[in-house]
Amino acid sequence: MSEFRDVRGKDQFQYKDKILAAAKKWDDYSDTEKGLFKAIVFTLVEDFMLWWDTLKRIEKELGVNPWAIAREERWNHSYENGRRRAKKFSGGGTVDIYDAYNSTFEGVVDAIWIECNDKCFHKWNRNCPCIEAFKELGVSDEEIKKLAPLFCLADQAIMCGISPDCEVFAQTRLLMAGDDHCTYRFEDHRDEKIGKK
């Protein structure tokens with residue numbers, strides 16, 4: 001269940017009801033629907049592992065470093081995923097990023113919300129559905145830590161694609177890297193006048 005930490009004042013949780021509704025939507029899903037969600041996550045993780053293992057083999061057998069190209073392609077494809085999602089929305093701000101991406105996972109990430117308003121969405125996820133899928137595939141904790149930066153790069157890229165005018169921060173903490181939560185933060189600075197006197 002989502003938790004809210006009141007540290008900033010009255011406008012800090014402008015979208016608390018939206019978040020609680022997204023979490024309730026998950027709770028209302030049938031076991032079949034929840035199973036389908038898990039199956040989709042498992043397939044995404046399985047596809048990533050095929051790509052990951054292929055990159056490692058290319059590096060080993062051909063003696064080339066494929067990781068910079070892999071990172072660039074991961075970003076580009078995920079960013080385009082976000083651009084496709086953005087077509088269903090019109091505002092291009094923090095709420096669009098939440099609605100088009102983050103709300104999908106609200107019932108499973110056990111979030112601590114720091115802020116959710118027109119200027120900033122900031123949360124800490126205490127659960128990652130992908131970790132379970134990696135472990136079901138037999139991926140070790142050490143391997144998960146190694147692949148985490150590349151795998152989780154997709155989150156930032158998708159959110160940037162949904163709203164390119166917002167600032168989407170790189171995740172400073174990742175559950176898959178061994179941290180106790182994943183950090184998600186995106187801000188809308190479009191109406192700020194920098195340097196104006």
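A disulfide is a pair of cysteine sulfur atoms within 2.5 Å. Keep that cut-off in mind while looking at this predicted model. How many disulfides does the rule give? The count comes to zero.

Take Cys166 first. Its closest cysteine sulfur belongs to Cys160, and the two sulfurs are 9.2 Å apart. Cys166 is buried, because its relative accessibility is 7%. Now turn to Cys182. Cys182 is in no disulfide either, and the nearest cysteine sulfur, in Cys128, is 5.7 Å away. With 6% relative accessibility, Cys182 also counts as buried.

Next, find helix 6, which covers residues 141–162. It has 22 residues. From first C-alpha to last, helix 6 reaches 31 Å, close to the 32 Å expected at 1.5 Å a residue. Where does helix 6 bend? The bend is at Ala148, and it is about 50°. A proline, Pro149, follows within four residues. Is helix 6 largely enclosed or open? Of its 22 residues, 17 are buried, so the rest of the structure largely encloses helix 6.

Finally, move to the surface. Leu36, Ile40 and Leu44 form a nonpolar patch there. Together they have about 310 Å² of accessible area. Leu36 lies in helix 2, which spans residues 31–62. Leu36 counts as exposed, because its relative accessibility is 53%. An α-helix has 3.6 residues a turn, so residues three or four places apart point the same way.

Note on methods: Residues are numbered from 1 along each chain as its sequence is written. This is a predicted model: local features need pLDDT of at least 70, side-chain atom pairs count only at pLDDT 80 or more; totals for chains, interfaces and linings use all residues. Side-chain values use heavy atoms; hydrogens and water are left out. Patches are made of residues with over 30% relative accessible area and no salt bridge: like charges are joined within 9 Å, nonpolar side chains (Val, Leu, Ile, Met, Phe, Trp, Tyr) within 5 Å. Accessible areas come from the Shrake-Rupley method with a 1.4 Å probe; for residues, only the protein chains shown count as cover. A salt bridge is a side-chain nitrogen of Lys or Arg within 4 Å of a carboxyl oxygen of Asp or Glu. Helices (H or I, at least four residues) and strands (E, at least two) are DSSP runs, numbered from the N terminus. Buried means under 20% relative accessible area, exposed over 50%, partly exposed in between (1.4 Å probe, protein chains only). The expected span of a helix is 1.5 Å times one less than its number of residues. The bend at a residue is the angle between axes fitted to the seven residues ending there and the seven starting there.
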